[in-house]
Amino acid sequence: MAAAAAPDHLFHLRNNFYLGSFQAAINNSDLPNLSPDDAVERDCLVYRSYIALGSYQLVINEIDSAAATPLQVVKLLALYLSNPHDKESTIASLKEWLADPAIGSNAILRLIAGIVFMHEEDYIEALKHTNAGGTMEL
């Protein structure tokens with residue numbers, strides 16, 4: 001008999017995010033007893049919801065340099081979208097992180113890279129980082 005899968009504590013949050021109910025995702029994000037990895041994923045979804053609502057500065061201000069790598073990448077997306085005149089430095093940071101063997105395979109990093117390169121209309125670069133998959137979004 002197969003072992004039962006652990007409950008997905010982020011199901012409703014992910015569902016709201018994927019459906020475009022960004023405010024509902026933010027409002028229902030107070031989830032207790034999450035593992036550290038689930039807490040980072042929750043925070044990424046919440047901050048990406050704020051980005052989708054255009055609240056770039058809130059994301060930039062709330063994510064500090066001590067935050068986990070996936071959150072730093074979400075902050076990089078907010079910086080990219082909020083300041084179209086300084087895209088080059090944001091893209092340079094993104095490429096530097098992608099080249100780092102310690103974090104270059106992170107799914108959130110690869111996803112955000114795909115989003116940024118799609119905005120830049122560099123579809124080959126976007127696919128290069130997202131084609132390996134691993135998550136539904138990739």
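Q: In this predicted model, does Glu121 count as buried or exposed?
A: Glu121 is found in the loop between H7 and H8. Exposed means over 50% relative accessible area. Glu121 has 58% relative accessibility, so Glu121 counts as exposed.

Q: Where does Asn33 lie, the residue that has a positive phi of about 60° although it is not a glycine?
A: Asn33 has 75% relative accessibility and therefore counts as exposed. Its place is the loop between H2 and H3.

Q: Does Ser29 count as buried or exposed?
A: Ser29 lies in the loop between helix H2 (22–27) and H3. Leaving out residues up to four places away in sequence, Ser29 touches Leu13, Arg42 and Val46. The cut-off for buried is under 20% relative accessible area. Ser29 is at 15% relative accessibility, so Ser29 counts as buried.

Q: Which elements do the buried residues of H6 pack against?
A: Helix H6 covers residues 87–99. Its buried residues are Thr90, Ile91, Leu94 and Leu98. They cover an arc of only 95° around the axis, so they sit on the same side of H6. They pack against helix H5 (69–82), H7 and helix H8 (123–130).

Q: Which residues are exposed on the other side of H6?
A: The buried residues of H6 include Leu94 and Leu98. On the other side of H6, the exposed residues are Glu88, Glu96 and Ala99.

Q: What distance does H6 reach from its first C-alpha to its last?
A: H6 has 13 residues. At 1.5 Å a residue, 18 Å is expected. The reach in the model is close to that, at 18 Å.

Q: Within what arc do the buried residues of H8 fall?
A: In H8, the buried residues are Glu125, Ala126, His129 and Thr130. Seen down the helix axis, they line one face, because they fall within an arc of 120°.

Q: Which residues of H8 are exposed on the other side?
A: The buried residues of H8 have a cover that includes H6 and H7. On the other side of H8, the exposed residues are Ile124, Leu127 and Lys128.

Q: Which element gives the most to the lining of the largest pocket?
A: The largest pocket has a volume of about 300 Å³. Helix H1 (11–19), helix H3 (36–52) and helix H7 (107–119) are the elements that give two or more residues to its lining. The most, 6 residues, comes from H3.

Q: How many residues of the lining of the largest pocket are charged?
A: The largest pocket is lined by 16 residues. Among those nearest its centre are Glu41 and Glu137. The lining divides into 9 nonpolar and 2 polar residues, and the charged ones number 5.

Q: Which residues does Ile108 touch, not counting residues up to four places away in sequence?
A: Ile108 lies in helix H7. It is one of the lining residues nearest the centre of the largest pocket. Ile108 touches Cys44, Pro70, Val73 and Val74.

Q: How many Å apart in space are Ile108 and Tyr80, C-alpha to C-alpha?
A: Ile108 and Tyr80 are 28 residues apart in sequence. In space, C-alpha to C-alpha, they are apart by 15 Å.

Definitions and conventions:
Residues are numbered from 1 along each chain as its sequence is written. This is a predicted model: local features need pLDDT of at least 70, side-chain atom pairs count only at pLDDT 80 or more; totals for chains, interfaces and linings use all residues. Side-chain values use heavy atoms; hydrogens and water are left out. On a 1 Å grid over the protein atoms alone, a cavity is a set of points where a 1.4 Å probe fits but cannot get out, and a pocket is an open set with protein on both sides within 12 Å along at least five of seven lines; lining residues have an atom within 4 Å of a point. Grid points are joined across faces, edges and corners, and a volume is the space filled by probe spheres set on the points. Helices (H or I, at least four residues) and strands (E, at least two) are DSSP runs, numbered from the N terminus. Ala, Val, Leu, Ile, Met, Phe, Trp, Tyr, Cys and Pro count as nonpolar, Asp, Glu, Lys and Arg as charged, and the others, Gly among them, as polar. The expected span of a helix is 1.5 Å times one less than its number of residues. Buried means under 20% relative accessible area, exposed over 50%, partly exposed in between (1.4 Å probe, protein chains only). The arc is that of the directions from the helix axis to the C-beta atoms. Contact means heavy atoms within 4.5 Å.
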